[in-house]
Amino acid sequence: MKVLLVFAHPERRSLNGALRDAAVDELVSLGHEVRVSDLYADGWKAQVDRLDFPQLGAAERLQPSRASKQAYAADALTADVKAEHEKLRWADTLLLQFPLWWFTMPAILKGWVDRVYSYGFAYGVGEHNDTRWGDRYGEGVFAGKRAMLIVTTGGWQEHYSARGINGPIDDLLFPINHGILHYPGYDVLPPFVAYKVDRMDEAAFAATARALRERMRALATTPPIPYRKQNGGDYFIPSMELRPALGGRGAKGFALHVRE
Ligand code: FAD
């Protein structure tokens, strides 16, 4: 396998850094090729702005989607973004690793998505007609590839359970798993989540690293989350609402978009 790990933690000697080492070590020992984008170490620019579109005239109004489309089509994106495109095309598996910060990914990783997911590359692709609404949600540039999150949290597993006060972890991660990974085509594996990590002792670290290594060994065989395909007939087009007969009695919200 060819694995790209995008790492978003400011401290290499952190727990996340140690878990990254365990994941990479396990993958390499199995003979897989691994590349790492270490966003803080690389000084990744997190915000989308005019500097991303060198072709844009000084007097022109910046419309981010439009500028992204034009720059991608003209091969005029900045070198850092093009380098990430090359890595994403190369990889058959994408891992995003981060500590949960305010219930989501650190801003630098969101900025990686904002800048690297160019119009015409990760979105705005495919035909729109009566039976298709573009290549999204299981179709698109990353169709046939796998992706998975590696997340650490301060909160306890119970805090993220179905009735936990933080909200269910699958709901919190839905915008990333479904909206960022499945949208451009990835098959998304259930996340690896290490809970209650802030006062982790050596024994807990060893158990967590062992569990992560196990998930690395199973990367190719773990069944993905069974998200519904957009163009498979489950949704009305163009409203993109799930057909009333689907989803199960009483189901609502994010859970509707996972096949029973
Ligand atoms: P570190 O601080 O590096 O380490 C954590 C523990 O692991 C320490 O006890 C350390 O000794 C131990 N450890 C590290 N490396 C090793 C090793 N090699 N061997 C043995 N032990 C080791 N949490 C939530 O649940 N929800 C939130 O919304 C949330 N928001 C946050 C927002 C911000 C801005 C911040 C700073 C934190 C937030 N947190 C939240 C907590 C956060 O998720 C955790 O602090 C983070 O996941 C810990 O990961 P780390 O890599 O930074 O750990």
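Helix α1 gives the shell around the ligand its largest share, three residues. Keep in mind as you look that this is a predicted model. In total, 20 residues surround the ligand, and the closest are S14, P99, G154, G155 and F205. Two elements give two or more residues to that shell: α1, spanning 15–29, and α6, spanning 202–217. Sorted by class, the shell around the ligand holds 10 nonpolar residues, seven polar ones and three charged ones.

Now step back to the whole chain. You'll count six helices and six strands in the protein, and from the N terminus on they come in the order β-α-β-α-α-β-α-β-α-β-β-α. The radius of gyration is 19 Å, close to the 18 Å that the globule rule gives for 260 residues, so the protein is as compact as a globular protein of that length. Along the principal axes, the C-alpha atoms fill a box of roughly 55 × 50 × 35 Å. Buried residues account for 32% of the 260 residues. As for contacts with a separation of 6 or more, 76% of them are made by residues 24 or more positions apart.

With 14 residues, a straight helix would reach 20 Å at 1.5 Å a residue, but the end C-alpha atoms of α5 are only 17 Å apart. Trace along α5 and you'll find I169, L173, I176, N177, I180, L181 and H182 buried.

Last stop, V48, which sits in the loop between β2 (33–38) and α2 (64–73). Is V48 buried or partly exposed? It is partly exposed, because 15 other C-beta atoms lie within 10 Å, and a residue needs 20 or more to be buried. Leaving aside residues up to four places away in sequence, V48 touches P64, D114 and R115.

Terms used
Residues numbered from 1 in each chain as written. Predicted model: local features only at pLDDT ≥ 70, side-chain atom pairs only at ≥ 80, totals over all residues. Near = placed C-beta within 6 Å. Helix = DSSP H or I, 4+ residues; strand = E, 2+ residues; numbered from the N terminus. Nonpolar A, V, L, I, M, F, W, Y, C, P; charged D, E, K, R; others polar. Expected span 1.5 Å × (residues − 1). Buried ≥ 20, exposed ≤ 12 C-beta atoms within 10 Å, placed from the backbone. Rg over C-alpha atoms; globule rule 2.2 N^0.38 Å. Contact = placed C-beta atoms within 7 Å.
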